Amino acid sequence: MSNQQQSGGKIKVGFKQAAAMLFPYAKSRIVEQIKSVALIIIYLILFQTVVLGIAIAQASLIAVGLALVIGGLAFFMEGLLLGLMPLGEVIGLKLPQKSKLPVILGFAFILGAGATFAEPAISVLKAAGSSVKPWDAPLLFLMLNKFSGYLVMSVGAGVGIAVMFGMIRFMYNISLKPFIYILVSFLIVFTLWSFFSENMRNITGLAWDCGAVTTGPVTVPLVLALGIGICRVVGSSGSGSSGFGVVTLASLFPIISVLILGSVLSSSVPPPMAEKEFFSAANRDKAEKLFDSREGMLGYAFQNAKEESQLALFDGDRGKMLEYVSGLKYDVDQAAAVFGAGAEAMQKWAALKGTAEQQSAVFADKSATLAAVQKFSSVMEEPLRPSELMLRNIKAAAQAIIPLSIFFLLVLTLLLREKLPRADEVFLGLGFAVIGMMLFNIGIEIGLSRLGNQVGGKVPSAFKAVELHEQRSAINGFDPGIVKTAISPAGELESFFYVKGKTGYSQLPFKEEQHNPETKQYNFTPTRGPLFGAEGALSGIIVALIFAFALGYGATLAEPALNALGITVEELTVGAFKKSLLMQAVALGVGVGIALGVAKIVWNIPLIWMLGPPYILLLIITKISTEEFVNIGWDSAGVTTGPITVPLVLAMGLGIGGQVGVVEGFGILSMASVCPILSVLMVGLMVTKKRKAALQDNAATERAEVAA
Amino acid sequence: MSDGKRMARVSAATHRGMAEQIFIKLRECGITGGHLAAGRSIMLEDKKGFLGVGARSAIVEDPIEIISIIAPTEMESAVLDAVVSAGRIDIPGRGSVHSEEIVLLKAHELCVEQPRGCVSGQQGGAQYIEELMGICCIVQRGQGDAVARVALDTGTCVPAITFGLGTGVRDKLGLLRIAIPADKEVVALAASVHDADAVMELMIDIGRLDEPGKGFIHLFPIRKGVVNTKITRGMPKHAASIEQIISALDQIKGGTQWRSRSGMAADGVSSRRKYLSGLSGLSLICDEGRADDLVKAAMSAGAAGATISRLKHVRPQDSPLAQISPARELCDMIVGEQQIPAILAALENAGAFDDKSHGLLFSKPVPKACTFLG
């Protein structure tokens, strides 16, 4: 810096010098993120191309998405370290000095509840429950759809109360262990009790997953920093890594609040029953309560139920149903209420899902029907609209960060009457965080989750045949005359035909329902698998579990909230507990958890069997672990399921769930929460044992000296 | 509130969790307040590797607590004894302790202890080594282990490493400062006066501290202390561990001169290297959040920069000291002796010693230092 100019204590830096400083800075941050996501990306690509042998669809778009994820993570992490975490810490430092306990608790509740509304995990849960049918699990359906607002509120209240208790813990220096004993025992008993009610049984997975997903990448660092600040001004003489534990409580309390909400609502919903029965006159009034309106229920039935169930809604009178459908043509408002907004919603339904009679009730004649079928079935994928994508994600990122930051700033300036230290840095950091989160979310949407959906859904191909939907295509002008018959050794006849592909001729099984004689179209979806062993063979399932493990392991290493936790732990222990050790332990745990979660879905094991034993084991290990590791270990459970893991895991969980036909994909995430606690506590036990051994070595010397 | 009063500063590094006992013991001696910082210590551990492949001595890290007490000079021995007996620091591997003479330049009235307790040590069992010299080295975050390992490899002692934030030119850059990493590691160790120069030399070589932007190293005098010489972890293979033999010989010989090694430093380098001398280490302890402004004030009066680290102020809830926040910051600066009055005045003007900062400023001599000199 030869041409420095001193003016008001500041050095003016030329553009070239600034660039020379910024380049290595940016490079180091980006390289760090490349390292953190490399494993999961390489894994996904290799799995898709080498194991499945399928080219990656939309590869260039996915590449752009992945680049955005990396850039977004770099910005976001820097934003956390410059902006959000210092802001949380300064409040933590000043609040106990300047306010009384009720004010602190009020602040804590608003923070907890606000954070939940700011980072709504409800979309994740809705995705996990997208295949839930109202007749199979009425209460679950109600909570995910009509009453999802209540669900969010109960989670928010749970997190709010959790943060309050977290603050009380810090102020009075209470151990985390009693909280864990009480909450976990209560939860296990509550879950066991729920097991005996058909409706409640279905929501236990949702409740446990709520606990896992509520603590997002903004909440966790903010709450951690706040806790660390508070512990620096209260607390005892220890310099230890206090300040942890809120995340644990924020993972446990929402489970309780959701289970309570479920038991309150459970009296007003019908029990699970068969589809046709559900819509019959006897149950119709109760069933209607699950929907916003009668039209909503009709629309749902038309879209999702079998024809006989639809008929049940019209008391089995087909004429009445068709009359109703054709009547909708002239009543635009009513049609919108049934089929959703949009001019073509009803036609699309009729063309794609309606029976022949329903089609003729909607369309004027056969040719109109044919045209509509061709029109709607050719629309394979929604086109990507960049401006809409940007706007939506800017909004989501701003919503997650700005209101909470403003709340913190207001508390700092108005309530505590303190000025913000290094304000310029903090504001820059907040800006970085918003930009980072936006880029990162866009990247996930167009890159990571596309890739994850392509791969995740195909993990079951290890043990069974899986349809490759994005390779679905249609053969025009299909002639049924080319269909041949083959015979199996057992004497079963199967139909197939030859197709000419790019590389040669191949056989395809002929399925009657995929052939539309009117349009002369044959729609086919190529299948893949089982890759290892026969259909449903144990060897294939084990391979799928290994894939699941690798997916969980790799995704966890890229999670921003876990990175923030790791940095904090390393910082507080002055490097004695390395971030990498913590992250490896957690990632291993998540991998095992996800593999177990997949096993749960494959073999349809009740959740209580999957969660009960680990949690009971955890209670024992918690008892013998040091306070420090109990805090860190339990907190890492809350941070594992973040924006990278969740879409990938859900894609796989739902893929497998869909393949093996279970009601919902819940439970994997809660497995991914419990196992890392175990692994971190085990590592903790090992480390403590070593340290104790070293100290005992010295104590032996001491005894020898005393003896001498 | 006195100008230039000579005091003793006792610093101890112990295993995590032992600080509480030590502070209780100190309270019995009439010392109510002290400071605590988190740190880590490193040791060597022999890794056997797999079938002998990859066998090496690796560094293992342990969390430690660093306690520091400022007390009147006449209480020095009492404080040392209290720390040693409460922490059993006389056993190799349990920690280290040393005392320095400092000049208390100015302090908020609450910060100066008025101890009422015992003046003489009640046990006097511990053997203190008197020929010690402290070495303190500030490097970029991540470089600490490499530099600290010198202390292990030369068998000097177990070093203590803490984190700090560097300020200086960086803070004059405006927002562009974020591009320059401020995170530092501070390595502190105590060597025999006969070896200190050579160890410092090696640390400069390993850390390339005489190159731009690599760091800063300086010596500081230690009056007496107990050094942790248990530098390897693992079961002893002989009737007595090497650490026990060394400490027994130290006691017999009455010092550490018998084990000084002259040929430790690389030959020739030391003659070419330029050192700084006649400097002072200026330390300001103040309330959390004030360090930034106060360091700025000191810099306007000529200080080049500071390393800021976090301290926890430990005191009983019922003492008047409880008015001071437990969250404190320590700003270490290395300045020329003649700059001290100006910096003191600037700090006073900036409110370092008022009720918002509860500042405490002391200095100690720095006989030798090295960094990139341009």
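Guide: Welcome! In this predicted model, local features need pLDDT of at least 70 and side-chain atom pairs count only at pLDDT 80 or more, while totals for chains, interfaces and linings use all residues. Residues are numbered from 1 along each chain as its sequence is written, chains are lettered from A in the order in which they are written, and side-chain values use heavy atoms, with hydrogens and water left out.

Visitor: Why are Lys578(A) and Glu61(B) called a salt bridge?

Guide: The term asks for a side-chain nitrogen of Lys or Arg within 4 Å of a carboxyl oxygen of Asp or Glu. In Lys578(A) and Glu61(B) the closest N and O atoms are 3.2 Å apart, so the pair qualifies. The rule finds 9 salt bridges across the interface of chain B and chain A.

Visitor: Which elements of chain B each supply at least two residues to the side that touches chain A?

Guide: Among them are β2 (34-47), β3 (56-72) and α7 (291-300) of chain B. Helices (H or I, at least four residues) and strands (E, at least two) are DSSP runs, numbered from the N terminus. The most comes from β2(B), with 6 residues.

Visitor: What makes residues of the two chains count as in contact?

Guide: Heavy atoms within 4.5 Å make a contact. By that rule, 52 residues of chain B are in contact with 50 residues of chain A.

Visitor: How do you know how much area chain B and chain A bury between them?

Guide: Buried area is the accessible area (1.4 Å probe) that two parts lose on being put together, summed over both. For chain B and chain A that comes to about 4,300 Å², with 53% of it on carbon and sulfur atoms.

Visitor: Why can Lys98(A) and Glu418(A) be said to tie together parts of chain A?

Guide: Their side chains meet in a salt bridge at 2.8 Å, N to O. Lys98(A) sits in helix α2 (residues 59-98) and Glu418(A) in the loop between α20 (386-415) and α21 (423-456), so the pair ties together parts that are 320 residues apart in sequence. Over all chains, the structure holds 41 salt bridges.
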